[in-house]
Structure formats: C-alpha cells, structure tokens
Amino acid sequence: MAANMKVKERVAKKQTLCGALMLIEALKAENVKVIFGYPGGAVLPIYDKLYESGVFHVLTRHEQGAIHAAEGYARISGKPGVVIATSGPGATNIVTGLTDAMMDSIPLVVFTGQVASNVIGSDAFQEADVLGITMPITKHSYQVRDVHELPKIIKEAFHIATTGRPGPVLIDIPKDMSVAEAEFDYEQEVQLPGYQPTTRPNHLQIRKLVEAVSQAKRPVILAGAGVLHANAHEQLKQYAEQQHIPVIHTLLGLGGFPADHPLFLGMAGMHGTYTANMALYECDLLINIGARFDDRVTGNLAHFAPKATVAHIDIDPAEIGKNVPTKIPIVGDAKEALIQLIEQNGKRPDVSEWLNKLNEWKREYPLMYKREPGVLKPQRLIEMIHEYTNGEAVVTTDVGQHQMWVAQYYKFKHPHRWVTSGGLGTMGFGLPAAIGAQLAQPEATVISIVGDGGFQMTLQELSVIQELNLPIKIVIVNNQALGMVRQWQEIFYEKRYSHSLIPNQPDFVRLAEAYGIKAMRATTEEEAEYVLKEALVTNAPVLLDFHVHPGENVYPMVAPGKGLHEMVGVKW
Amino acid sequence: MVKRIITMTVNNRPGVLNRITGLFTKRHYNIESITVGHTESEGISRMTFVVNVDDERIAEQITKQLNKQIDVLKVVDITDQAIIVRELALIKVAVTPATRGEIYTLIEPFRAAIVDVARDSLVVQVTGEPEKIDALIDLLKPYGLKEVARTGTTAFPRGSQRASSTNKSLFII
C-alpha cells in the first residue's frame, strides 16, 4: 500500500507543468517556508501562479529589502533565503545583496525574471545582462534556455547554495520559460562533477595539528563564521575546554563561543579588544577555524601573528594560504575537523603562564568609555540593551560605529543570534535583515540596531514590519552623522568633516508613526532605560530614536596600515 | 614575474569563458594568452592559459580559484611537468621578386609553410614553441611584416613524465 502511494506520488511529481508552476512545486519540495520578492513585467507569469499557491510571499518595498531580508532569514534559520525579482531594474536592485551574501557566505537562491528569449540581446524594455552583471558576485548562476532543464537547475541551485562554502545562486528565467510547459521531475539526483566540496579533513593534517598543539606554549583559536555555518559551536567549546586554548572571534563569528566564558578573549581586528589583538601578536600557534583572515581582522599582514605557526581549517581551500602563509592546512567542515580533534584527545599544552598573561591584559585593558551625567553614550545604550534582553536577543545591525559598539558591548552567549553585514559593509542592511530574522524565529526578541545614516537607505521596509506586525524593536543610534566617516575624518583628515554631518535628520518618531509604528525618543540614560523597558514589553514593532553623544568614537582602534599590536585608545 | 601554464577542462556551457576571464579580471591576474577548443568528450572543452604571476603563491591561488567554478572540471598547473607546448602563427610578409626566394630558404629550417602567395606578399604558417615563432618573426621583420596572427599557447603533458620532474601536487587534500 505504502509502495503504491509512493508510485502514485512519483507519477504525480512527473506531471507536465509550466515553468512558473515548476518553480512553485520546487519551492514546496525544498520545504521553503517564505520567499521575499517584488513583482514586475517579466515575472508576471510566476506571480500569477503564486496567487493561489499557498506559498508565503513577503512583498518588500524595494528589491534590496527583499534580498537583505532573505539574508537575515538564512542567517537565523540556517536554511537558504529565497528571492524573486523582475528583470532589468528589479535584478540590478539586488546586486548589493548578492555581493553581501557572497562575501559573508550566506546561502540564497535568487530568481530573476528576464525578457522573453526571442528578444534577449535586443536592448528590450527592462532588459539587463543579469548573468553578466552577477557572475563575479554569485557562487553560481544559470539562465534557463529550455524549460525542460528548469527542475534540474533549481535542484542544483539549492544544492550549490547550501553545501560546501554557502553562497548565493541566481537563476535568470526568461518570461517565455515561465509559460512554456514540460515534464516536472524533481526526484533526479544532482550530478555536478565539477563541484565536490571536501568536508572530511585529512587525517594526517589533523595529527599534525594535534602535535603542534601539544608543543605550543601560547596557542590561540581564531573562530569565524565557518563555525556557525557548520553548526560547530558545541564542538568548539568542547575542544577549547579540552585543550585549554583561549578563543578569539571575528566579527561574523560572534556567538560561536560564549562571550562570558573565561577562555574568551573578545573580538579581533580594527576595533577588537586589546587582549585579542595582543594574543594574535604574541601567540606561537594560531588555529584559524572558518575565518578568512580579512584585512579588518589582520591589520598589516607584515606584522600579523609574527611568532606563530598557523593552522587553518576551512571548507574553502582557496582561503587557505590566500593572505597568511599556513603551515598546517586542513580542508574540511569545521564540525568534522573539531570532532576529529576532540577524539584525538591530544596532550594538553602547558598554558598556565599564557593564560595568566591574557587575564592580566583583560584586567588591565578592558573595553572602556566615559559615562557623563545627562549624556547618553552609545556604548552605554548597547550595554543597557544587552542587560535588558539578558544577552538573548537576535540582533541585526547596519555598518559603522553602532555596529562596532554592538560587537563590543552586546555579549553574545548563543550562536545564530547575530546578523550583520561583515565583508561588504552594507549600510541599509540591518532593518530588512531583521524582517527575515523575525520570520525565521517568530518567538524571538529581534532588535535591529541601526545608525541614522543607514536607516534611511532602506527605511521603506517599515511598511512591511507594520503590515506583518512583526514585533521588531528598531533602535536608531542617532548621532546626526555618518559616524564612522566622521571619526576617520577627525583622526586622519584634520577634522575636515566633508559631507558626514547631517544635522537636519527627519523626526524619526513622526516618520515611524506615519508608517503606523509606535515610536519613542530618548536623549538621556534615564529616558533610554524607560523607553527600552517599555518597548521590550510591547508585543508590536517599536522604533526608538536615541540621541546619543555625537562626538563619540569607537576605540580601541588599529589604524589602517598598522599592525594589531599598534592599536591606540586602549588606556586613558 | 613567473610564467605559468595552466590547463583545464570545463563544461562547454554558455558564459563559461566569461566566468573564467571575469575571475582573472576580478583578482588582477594577467593573462598572456588563452586557447579554447573541444576535447575528445562531447560537451567538454579544454582551455590553456598562460599567465604572468609575481610568485608561486599567486599561481596556487589561481588554480584554487578556478577550481571553485562549478563548470570547471579539472585544473592543472603543468608548468613544471614534461609538456608539449605549441602555438601556430600566420605571418604575412611583404615580398619583391628579389626577396621571394630568399624567404623560402629562410623559413625552411623552421619547417614553416607558405600557405598563400600574392604578387607582393606571402603568408607563412609556422607551428612550434612560442620562442621559435618569436625567432622567425624577428627574422622576417626586415622584409616588412604586413600582418601577424598568433593562436596563443596550447599545451599538454607528455605521455611519460621524467622521474625528476615530479608533478607538484597541491599541498593540501
């Protein structure tokens, strides 16, 4: 009977469908719960079939909002984000999001409409060479030339986006391909001889690392987002505790290791902690797990980890040895590598002296800022948010000063609660990303912390938040400036504040109210405490406009071109 | 600068050459020449690149980045192997009745052929290693080169490799 059912199902799955219905059936087969998109001419056949499909589609107010929302969804849910945009301007509007997802290894499957096959290349209305434009910013891309291939293409796209090092995959669908019909078979196996990611690490290299650890005097782990993508946070903790190795995070890795753990040294890099950066400078064994030695992490490469033997565990072999010469390369999945390392249970190195030194630095050079009466310091604001949410919230940010303060002062205890634009540094990311994050975890407290600059790049998505009544708490860290630009101009450009001060920002409270969203303003610590507590007990979206001290800078800081040990602003 | 010869097999799909050359542009790798053509297997093409790189680290990065492309099936940096390297050139050289015979004699040791004859010009076809072609072009220059077309390098590992030139395997995997 059961077998009979299976045959029936299989027959049902082999029915003849038009391209648009194939897309919808494929999304159902992939168990996609939500898609983000915006209709237009070239995708009208797809939207027509979506109308009664039962697929949950979120209409963002700009395609950039759709793709950042999909990124937020993917980051929090661990599943690929799905986006639909129309041809031409619809597709070019997602270019920033594709690049962002490519840089930060976010799995996305993006469908773009295209003009009909017979007019491609004729500069038709709303035609753009989307394949050409997006080649360098996608993990892979397709243009459908024969509707028979569509099921295979979609299946491959989901496979490529979510396996190996995750990333965005784009499928460009000419309008006639959505209408044309063919047999729909989604049961076929994916066969990609040119794509066979290595997940199982080489045993000999693992042994080499175990040997190196046993002899190390000053070992340290630098853990990146690869740990989160591999869901290896438990193993990271277990391994660090087993071997007594302190852990440093990259910006994107935060949450992979509990911030309140005694072995945690903080974030590394340009605005990292003194202890983390000095540990990287002084260590004799550096174990990189799933980080790509970005320049914001390493500072001047000539001075990076000068005394260390470098081991690097990465799913992407091209990252190993790209920026930093690596003695022990381990290609593979972070979780599998850590499991093997734990099983090896190698000789624990003697690190007591090293840990003493690190603890001394931690005591001597903590993160610091000055509180002043009557003034709301942005660092204090983040500390308060951390305190009132018990460090449990899902937090999204834009890019700039507020992002660094969140990274420094919101002490993430758990993985998969932190959504930020790391590699590309995309302003306008935080608000739409929060939409995706909240949809991925409807029960979670989601806080979108943005600057007054970046907020205005995607604020139209307030409309979506109101429409879906997503209880997101939007925190604007308002310093009436493009803070990070202003800071650099203060330090490196003789305080010539060229186009970075914006004293005439709109009234964000009334703006939110115009969108039907409750809003409050705070200019002191006392007011901040009141509005934060009020917002956190409100089961609806709330926008909070915090007028923080405008001249505040992010410290400590490694100036561009300097080594990590040359950081400034570590002590009064 | 070091010259590296990289060969690879790729799926013969629309846009694949664009993907590869785009990658070279994106990562600032200098291509000296590219050749592309069908292989013995249907749907699979072979590409041969000659690139100039600063050091071995960049050469390794190139092969790794190429390997990441889904349509790339296999990448090998064959520079250090025993290989056959060939290029073809067509050289249109100006002639007078007086120089015609001289040119015939001159190209003979190169095993080049005259493939087109006109009243005031000849087209010489030559194959071989790029240095040999350079040498012939130099010799023909004084007569007046009207046009030169070169295919770029294509290359192949020899059937049997000398023991000394062991294949430089990637240090990982």
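The model is predicted, and local features need pLDDT of at least 70, side-chain atom pairs count only at pLDDT 80 or more, and totals for chains, interfaces and linings use all residues. Residues are numbered from 1 along each chain as its sequence is written, chains are lettered from A and ligands numbered from 1 in the order in which they are written, and side-chain values use heavy atoms, with hydrogens and water left out.

I begin with the sheet. Six strands of chain A make up an open sheet with parallel pairing, in the order 16-15-17-18-20-19. The edges are held by strand 16 (418-419) and strand 19 (518-522) of chain A; each has a single partner strand, so one side of each lacks a neighbour in the sheet. Helices (H or I, at least four residues) and strands (E, at least two) are DSSP runs, numbered from the N terminus, and two strands pair if DSSP finds at least two bridges between them. Strand 15 (residues 394-397) and strand 17 (residues 446-451) of chain A run parallel and are joined by four bridges. There, A:T397 stands opposite A:I449 of strand 17.

I turn now to the aromatic residues. Over all chains, a search of the whole structure gives 13 aromatic pairs. Rings of Phe, Tyr and Trp (its six-membered ring) pair if their centres lie within 6.5 Å; planes under 30 degrees apart are stacked, over 60 edge-to-face, and the rest tilted. A:Y274 and A:Y365 form a tilted pair, 4.0 Å centre to centre with 35° between the planes. A:Y274 belongs to helix 13 (residues 274-282) of chain A, whereas A:Y365 lies 91 residues away in the loop between helix 16 (352-364) and helix 17 of chain A.

A:Y274 is buried at a relative accessible area of 15%, while A:Y365 is partly exposed at 23%. Here buried means under 20% relative accessible area, exposed over 50%, and partly exposed in between (1.4 Å probe, protein chains only). Together with A:W361, A:Y274 and A:Y365 form one aromatic cluster. The charged end of A:K571 also sits over the ring of A:Y365, 5.1 Å from its centre; the criterion is NZ of Lys or CZ of Arg within 6 Å of the ring centre and within 35 degrees of the ring normal.

Finally, A:P506 occupies the loop between helix 22 (483-492) and helix 23 (508-514) of chain A. A:P506 is partly exposed, with a relative accessible area of 33%.
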